[in-house]
Amino acid sequence: MEIGLKHTSTLEVKQEHTAQAVGSGDMAVLATPQMMTLMENAAMLAVAAELPEGSTSVGGHITSSHLVPSPIGHIVSATAELTRIEGRKLYFHVEAWDGDIKIGEGEHLRFIVDREKFLAKLK
C-alpha cells in the first residue's frame, strides 16, 4: 500500500439524504452526516483493493467542516487521499464538492482489521 491512493465517490442528493430526513437539522439540504458518510466511503474504497486477504478497513475518527449547503438534485462528490500509514492506521485527507464548489474538508482515520476477528468481538 502506498501514500497517495485516492478515490472519489459521488451521490445525487435525494430527500433521504437531507438534514430533515436524518434528523440532523430541519432543512431540505444535504445532511452533514451524509456528506461525512460519502467521505468515509471514498476512503474505504481508496484502499480496499490493497488490503490483505480477509481484511477490511473500519472508520475510527473523522473531522470535517461543512461549508456550503447542497439542495436536492445536486450531485456531490467526496475524494479521499491516503496521506499517512502507521501500522494498521490509515490517515486520509477528505474533501467534498458540489460541482466546482468545495462544501467540506477534513481528516479521516481508518484501521485495518481482520474481518473474522473483528466480527467475533460482537458475540
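**Close-up views of a predicted model**

At 39% relative accessibility, E86 counts as partly exposed.

**View A. The side chains of R84 and E86 form a salt bridge.** The N to O distance of this pair is 2.9 Å. Aromatic pairs, by contrast, number 0 in the model.

**View B. A salt bridge links E40 with R110.** Their side chains meet at 3.4 Å, N to O. E40 lies in helix α2 (residues 32-47) and R110 in strand β5 (residues 101-114), so the contact ties together parts that are 70 residues apart in sequence. E40 is partly exposed, with 27% relative accessible area, whereas R110 is buried at 5%. The model contains 5 salt bridges by the rule applied.

**View C. K102 and E105 meet in a salt bridge.** The N to O distance is 3.4 Å. K102 has a relative accessibility of 25% and counts as partly exposed; E105, with a relative accessible area of 30%, is also partly exposed. Salt bridges with shared partners join E95, K102 and E105 into one network.

**View D. M1, I3 and I85 make a nonpolar surface patch.** The area of the patch is about 240 Å². I85 is located in strand β3, which spans residues 75-86. Its relative accessibility is 32%, so I85 counts as partly exposed.

**View E. H17 occupies the loop between β1 (6-12) and α1 (19-22).** The relative accessible area of H17 is 11%, and the residue is therefore buried. Its side chain reaches the backbone oxygen of E12 at 3.4 Å.

**View F. H7 is a residue of strand β1.** With a relative accessible area of 27%, H7 is partly exposed. Between H7 and V94 the C-alpha to C-alpha distance is 9.8 Å, although 87 residues separate them in sequence.

**View G. L122 lies in the segment after α3 (115-120).** L122 is exposed, with 66% relative accessible area. L122 and E16 are 106 residues apart in sequence, and their C-alpha atoms are 29 Å apart in space.

Key:
Residues numbered from 1 in each chain as written. Predicted model: local features only at pLDDT ≥ 70, side-chain atom pairs only at ≥ 80, totals over all residues. Heavy atoms only, no water. Patch = residues over 30% accessible without salt bridge, like charges linked within 9 Å, V, L, I, M, F, W, Y side chains within 5 Å. Areas by Shrake-Rupley, 256 points an atom, 1.4 Å probe, with all protein chains shown as cover. Salt bridge = Lys/Arg side-chain N within 4 Å of Asp/Glu carboxyl O. Helix = DSSP H or I, 4+ residues; strand = E, 2+ residues; numbered from the N terminus. Buried < 20%, exposed > 50% of the residue type's maximum accessible area, 1.4 Å probe, protein only. Phe/Tyr/Trp six-rings, centres within 6.5 Å; stacked < 30°, edge-to-face > 60°. Polar contact = N/O pair within 3.5 Å; in protein donor to acceptor, adjacent residues only side chain to side chain.
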